[in-house]
Amino acid sequence: SDFFWEGAKADLPNVNPLSPPPKKNRYLRSMELTIRPIRREEFPLLADFLYDAIYRSDPSSPLPRQIVEHPSLRIYIADFGTLPDDRCLVAQAEGHVVGMVWVRCIRAYGYIGEGIPEFVLSVAAPCRGQGIGTRLMREMLQRLSAAGYPEASLSVQRRNPALRLYRRLGFRTVKRTLEEYIMVCDLRDADSAVANRTAGTE
């Protein structure tokens, strides 16, 4: 199924999807953005976007890129596409992938129970603050709800600005640690839990 990869290729620019997006974000201001399933040839991008998804309170002190190889993080991308619940959407602008959202049913930081998909959201730094994350999250939540998943979860650092987005989308905190919240979104009522909560948030 093209639900989570191998989206239709019609009318998309012939640009290498693995090339980095331009440093400037002016081309996004018109919001000519396509949200689509990931393609197999784009799977290597998962590691890059996972790295970008790691919250750092001090951006001037970057983490080593090999941190994504740590087992606690590697689980989010290892052999992606082989688990039955692996699903990923990308945001594309002018042929470049500028954001990703994906889910897996794994025992990771946001685990709350078997069969509950956990989210990872990542938007390229130059492209943040333009509603891309909202559009990715909304589309994935709607698809998960339509597929019959009762809930979805995520973990987020307490100081991460994305916390406001998740709350706006209907996620509620079910567990707290010193540094993180584990949050859950109820998907059983698609209209109230997804569509209404995300209306007008772009």
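Is Cys105 buried, partly exposed or exposed? I looked up its relative accessibility, found 22%, and recorded Cys105 as partly exposed. The term buried stands for under 20% relative accessible area, exposed for over 50%, and partly exposed for what lies in between (1.4 Å probe, protein chains only).

**Entry 1: the model and its confidence**

I note that this is a predicted model, in which local features need pLDDT of at least 70 and side-chain atom pairs count only at pLDDT 80 or more, while totals for chains, interfaces and linings use all residues. Residues are numbered from 1 along each chain as its sequence is written, and side-chain values use heavy atoms, with hydrogens and water left out.

I looked up pLDDT, the predictor's confidence in each residue, from 0 to 100. The protein chain has a mean of 84, and 78% of its residues reach 70 or more. For residues 1-17 I found a pLDDT below 50; the model gives this stretch 42 contacts beyond near neighbours in sequence. A contact means heavy atoms within 4.5 Å. Residues 198-202 also stay under 50, and I recorded eight contacts for them beyond four places in sequence.

**Entry 2: the fold in outline**

I took helices (H or I, at least four residues) and strands (E, at least two) as DSSP runs, numbered from the N terminus. The protein chain has five helices and seven strands, and I read their order along the sequence as β-α-α-β-β-β-α-β-α-β-β-α.

I then turned to contacts between residues at least 6 apart in sequence; 66% of them join residues at least 24 apart. Of the 202 residues of the chain, 48% count as buried.

**Entry 3: helix α1**

Which residues of helix α1 (residues 45-53) are buried? I listed Leu45, Leu46, Phe49, Leu50 and Tyr51. I recalled that an α-helix has 3.6 residues a turn, so residues three or four places apart point the same way. The cover over the buried residues of α1 includes α2 (71-74), β2 (87-93), β3 (96-104) and β4.

**Entry 4: cysteines**

I searched the whole structure for disulfides, each a pair of cysteine sulfur atoms within 2.5 Å, and the search finds zero. Cys185 is buried, at a relative accessible area of 0%.

**Entry 5: salt bridges**

How many salt bridges does a search of the whole structure find? I recorded eight, a salt bridge being a side-chain nitrogen of Lys or Arg within 4 Å of a carboxyl oxygen of Asp or Glu.

I looked at Arg36 and Glu42, whose closest N and O atoms are 2.6 Å apart. Arg36 is buried at 4% relative accessible area, and Glu42 is buried at 0%.

Glu69 and Arg74 meet in a salt bridge at 3.5 Å, N to O. Here I found Glu69 partly exposed, at 47%, and Arg74 partly exposed, at 30%.

Asp86 and Arg104 form a further salt bridge, with the closest N and O atoms 2.8 Å apart. Asp86 lies in the loop between α2 and β2 and Arg104 in strand β3, so the pair ties together parts that are 18 residues apart in sequence. I noted that Asp86 is buried at 0% and that Arg104 is buried at 2%.

Finally, I recorded a network of salt bridges that links Glu151, Asp186 and Arg188.
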